Amino acid sequence: MKYKRQSNMTAFFCGLVHSPIFSIFAGMNMIDRIKIPVIGLLICLFSCGEEVDSSILETYKGPVGLALDVELYHSDSTIIRTQVKAKKQMEFGTGDLEFPEGIEIFFFDVEGNTTSTMRANKGFFDKTKNLYRGEGDVQVHNLEKDQKLSSEELFWDPNSEKIYTDKFVTIQEKETIFNGTGMEADQKFSEYKLFKVTNSRTILPGEGQ
């Protein structure tokens with residue numbers, strides 16, 4: 001036979017229900033009954049019956065806010081340098097953000113011209129690290145050099161103004177395609193370092209059109 005351990009307070013209220021004292025309370029008028037501590041009765045009712053599932057008392061970890069058609073701007077000395085766009089944004093209690101339907105990031109020069117873009121099927125923002133992460137089909141395009149990058153995951157650090165990944169990367173530069181694992185570049189993707197280069201080749205006529 002299994003026994004449930006009860007606290008002194010719980011045992012007190014459980015015993016109270018079955019004692020002559022409770023009969024006295026039952027004979028009181030309505031005003032006197034109201035004076036009975038409600039919290040004590042609740043403890044008795046819950047503890048004398050089945051144990052409460054502790055999972056319902058766990059801290060909620062889901063999103064606390066939802067926004068649609070979001071546009072976030074990052075500025076430097078009143079000059080807008082980047083813009084983040086997403087169809088759907090979920091915010092969590094930690095301040096972290098999730099963009100489940102994709103994310104687009106636009107980078108601008110001091111004159112407000114778009115220099116490069118970054119797109120991903122899904123996006124995340126870590127508030128503690130101030131770090132964005134693109135996931136899925138991640139595409140980066142430097143419009144000035146017509147230079148393109150694709151990977152399954154890419155990080156953007158607004159503090160260091162860099163993008164990087166340790167995943168497989170394909171880079172198209174002019175008429176050449178480079179493949180490698182691991183990459184680091186400035187956020188405009190004008191200069192980059194490709195680590196562990198596996199191969200490179202010339203783009204065939206009509207390829208990619």
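1. Thr117 lies in strand β5; strands (E, at least two residues) and helices (H or I, at least four) are DSSP runs, numbered from the N terminus. The model is predicted, and local features need pLDDT of at least 70, side-chain atom pairs count only at pLDDT 80 or more, and totals for chains, interfaces and linings use all residues. Residues are numbered from 1 along each chain as its sequence is written, and side-chain values use heavy atoms, with hydrogens and water left out.

2. Thr117 has a relative accessibility of 7% and therefore counts as buried. Buried means under 20% relative accessible area, exposed means over 50%, and partly exposed lies in between (1.4 Å probe, protein chains only). The side chain of Thr117 makes a polar contact of 3.2 Å with the side chain of Arg119. A polar contact is a pair of N or O atoms within 3.5 Å; within protein, one must be able to donate a hydrogen and the other to accept it, and residues adjacent in sequence count only if both atoms are side-chain atoms. Leaving out residues up to four places away in sequence, Thr117 touches Ile105, Phe106, Phe107, Gln139, Val140 and His141, where contact means heavy atoms within 4.5 Å.

3. Ser116 is also placed in strand β5. Its relative accessible area is 0%, so Ser116 is buried. The side chain of Ser116 reaches the backbone oxygen of Lys188 at 3.3 Å. Lys188 is also among the residues that Ser116 touches beyond four places in sequence, and the others are Ile105, Phe106, Phe107, His141, Asn142, Leu143 and Gln187.

4. Met118 belongs to the largest nonpolar core, which has 23 residues; Met118, Leu149, Leu154, Trp156, Ile163 and Met183 touch the most other members. A nonpolar core is a set of buried Ala, Val, Leu, Ile, Met, Phe, Trp, Tyr and Cys residues joined through side-chain atoms within 4.5 Å. Strands that each supply at least two residues of this core include β4 (103-108), β5 (114-120), β7 (131-142) and β8 (147-157). Apart from neighbours within four places in sequence, Met118 is in contact with residues including Ile103, Ile105, Phe107, Val138, Val140, Leu154 and Trp156.

5. The whole structure holds 4 salt bridges, each a side-chain nitrogen of Lys or Arg within 4 Å of a carboxyl oxygen of Asp or Glu. One of them joins the side chains of Arg119 and Glu104 (2.7 Å, N to O). This pair links distant parts of the chain, with Arg119 in strand β5 and Glu104 in strand β4, 15 residues apart. Arg119 counts as partly exposed at 37% relative accessibility, and Glu104 counts as partly exposed at 26%.

6. Arg133 has two salt-bridge partners to examine. Its side chain meets that of Glu135 at 2.7 Å, N to O, and that of Glu153 at 3.5 Å, N to O. The pair of Arg133 in strand β7 and Glu153 in strand β8 links distant parts of the chain, 20 residues apart. Salt bridges that share partners join Arg133, Glu135 and Glu153 into one network.
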